[in-house]
2 protein chains.
Amino acid sequence: MIGSFHPPQRILMGPGPSDVSPRVLAAMGRPTIGHLDPAFVGMMDEMKTLLQYAFQTKNELVMPVSAPGSAGMETCFVNLVEPGDKVIVCQNGVFGGRMKENVERCGGIAVMVMDDWGNAVDANKVEDTLKANPDAKILAFVHAETSTGAQSDAKILCALAQKYNVLTIVDAVTSLGGTPIKVDEWGIDAIYSGSQKCLSCTPGLSPISFSARAMDVVKSRKTKIQSWFLDLTLVTAYWGNAAKRTYHHTAPINALYGLHEALVMLQEEGLENAWARHQHHHLELKKGLEALGLRFVVKEQDRLPQLNSVYIPDGVDDAAARKSLLEDYGLEIGAGLGAMAGKIWRIGLMGHAANERNVNICLTALEDVMS
Amino acid sequence: MIGSFHPPQRILMGPGPSDVSPRVLAAMGRPTIGHLDPAFVGMMDEMKTLLQYAFQTKNELVMPVSAPGSAGMETCFVNLVEPGDKVIVCQNGVFGGRMKENVERCGGIAVMVMDDWGNAVDANKVEDTLKANPDAKILAFVHAETSTGAQSDAKILCALAQKYNVLTIVDAVTSLGGTPIKVDEWGIDAIYSGSQKCLSCTPGLSPISFSARAMDVVKSRKTKIQSWFLDLTLVTAYWGNAAKRTYHHTAPINALYGLHEALVMLQEEGLENAWARHQHHHLELKKGLEALGLRFVVKEQDRLPQLNSVYIPDGVDDAAARKSLLEDYGLEIGAGLGAMAGKIWRIGLMGHAANERNVNICLTALEDVMS
């Protein structure tokens, strides 16, 4: 017989999930109600308001996709890309490569702008590519590359997209709530994030937003959207119109309780304060990591405060060190992904986890396991 | 400022979500750990064993899709259907129609076998269609039609599929845990369910299983699977091989805690006992509903014990009656879907909700609001 599962208590300083506040955990455990219950429908309206604040947008379409960030990415691509469409995809880590996969699985043509892992996306190369591809429909890029900790200049990239009259798809999985994202001011057309990074909720939901211009493109498609589950022209029957919500799929009720509470906490703190808190603790962590002799992967001006990638020092065994952190300190940090596997550590300071206690524990524990 | 959300306490006797045990709710609120944490990976192994028991299968591929039942359906179709493939789809309610949508969005050809809403799928018509379409690749049907409460004979339909050498895709969203499903004995190739029906977990996950034969078909496709998120050749890097789980997407950790606990409870009760409990309370409810003069939509031999559809009596206002049930008794029952809207009620007795207290409250409350 298999018994109940009682997870150990960890400190989550990897690339996500991040530490979840007891307030969010308590919300997850509240009694389940129906997805068309008037009380739940009222909660959905609040969720939209809270997400509009987090994304800094007045977009009508703002909602959490009922699945993790990867499904949020797929929602953007399957709704906007039709067979034969040309999409300029910037790749400077794992997630740009996933975007390319998405474009191709929609029958689109991905024109790649490649930058080295750890670098930000090069805006000059993007402009050259936009110039060379006047028939491109979309520019897609990752704002905060979770595989390396590099931040690209979303404002400049979106301005280029507008100059060359293409739509934008922006991956903000690791940035939302941690560093500035201004959907309306920057003119982002389609954006997706994840619940388990700087929003500090449990994993499993992907907040998205589409501009009116992007929704016009979705509504005037020549071909059917290949995913029924992610088809926004159908999903919006439930999430779009507050006056009359009709069943599309059964919403993940308790997960949404959790996200609602996480967004209430973000609103209480204030976005600007949350950004400043991430920056503050990043600088503290940076000072300590450098004192331990660790080198950052990303150039100072392109670093994400919420995801600190450092090279593993020579002579330190990656797996053994992370095992010791986990077993002796209950501390999870992230391994390298793809080409970075075995070469770097990714230390997250995301959402609720961005606090002084975590910085101190992490530095003490790292010093111990590296010695 | 928006405050925390505190849902009312309901009794969930609709078509799902069903009442969730306090044990499952408590599990949902346990501390989040990483999706590659050794403790979590151990929980995943248990989850697979528990799902094999629930599905009555030894299939290697058994896992919860990180999204609701609709995404489980889509997982089956996008992995098995290639452009031009012919799929025989049985429709006797809403969800057969959703299967047709899935086939067509995969570029397949749906050959429909239509039965009236409220009837079971007619096996004779299915055999005629199999005979007339020797080039068909798949037979897809809904075991338990959530829109009507009709149960089809999955054993006979699967035997026909084997006789004519086609694969089967079976919707067991509402049946798993409530009425017998025997994946290996019946030779089901691909099956999906939902967490929020007779498993009595919160909504948001879709347990699936694929036979070795079905996985061979997936692995020998000529075309790429159109969904990256649902591509089983990729997802199984995380869920497939217990010895080495590698990142595909971030698993919905706390939702999986909940499903694990719900499956532990099913194992404790025993599948046969759970089936008998649903049947027992169905008979009690049936007696009471008939005493109130309510007529069932589905013929006696095709009725699902866990979903009781009855015609709304003349002179009773559907919306007003359900509003009164919710406000005065905290009781949710289901409205009719699609063609049945305004004509029927769907009264669920699913999982944790299939108990004597609920039967009594429901009958008392219905008598009150109909008088």
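I began with a strand pair: B:Ile88 stands opposite B:Leu139 in E5(B). Helices (H or I, at least four residues) and strands (E, at least two) are DSSP runs, numbered from the N terminus.

The model is predicted, so I noted its limits: local features need pLDDT of at least 70, side-chain atom pairs count only at pLDDT 80 or more, and totals for chains, interfaces and linings use all residues. Residues are numbered from 1 along each chain as its sequence is written, while chains are lettered from A and ligands numbered from 1 in the order in which they are written.

**Strands.** I found E3(B) and E5(B) running parallel, joined by 3 bridges. E3(B) also pairs with E4(B) in the parallel sense, over 6 bridges; two strands pair if DSSP finds at least two bridges between them. B:Cys90 has B:Val113 in E4(B) as its bridge partner. From E3(B) the chain crosses through H4(B) to E4(B), and this β-α-β crossover is right-handed, that is, clockwise from the first strand over the helix to the second with the strands pointing away from the viewer. I counted 5 of the 6 residues of E3(B) as buried (20 or more other C-beta atoms within 10 Å of a residue's own, C-beta atoms being placed from the backbone; exposed is 12 or fewer, partly exposed in between).

**Helix H4(B).** I checked its length: the 12 residues (94-105) should span 16 Å at 1.5 Å a residue, and the end C-alpha atoms are 17 Å apart, which agrees. The expected span is 1.5 Å times one less than the number of residues. The buried residues of H4(B) include B:Phe95, B:Met99 and B:Val103. Among the elements that cover them are helix H3 (69-80), strand E3 (86-91) and strand E4 (109-114) of chain B. Just after H4(B), I noted a positive phi of about 80° at B:Gly107.

**B:Ile138.** Which residues does B:Ile138 contact, leaving aside its neighbours within four places in sequence? I listed B:Leu80, B:Val81, B:Val87, B:Val166, B:Leu167 and B:Ile169; contact is C-beta atoms, placed from the backbone, within 7 Å.

**Two chains.** I found 66 residues of chain A in contact with 66 residues of chain B. H10(A) gives the most to the side of chain A that touches chain B, with 8 residues. A rotation of 180° with 0.0 Å of shift along its axis superposes chain A on chain B (RMSD 0.0 Å), by least squares on the C-alpha atoms of residues with pLDDT of at least 70 in both. The two copies are thus related as by a two-fold rotation axis.

Terms used:
Two residues are in contact if their C-beta atoms, placed from the backbone, lie within 7 Å.
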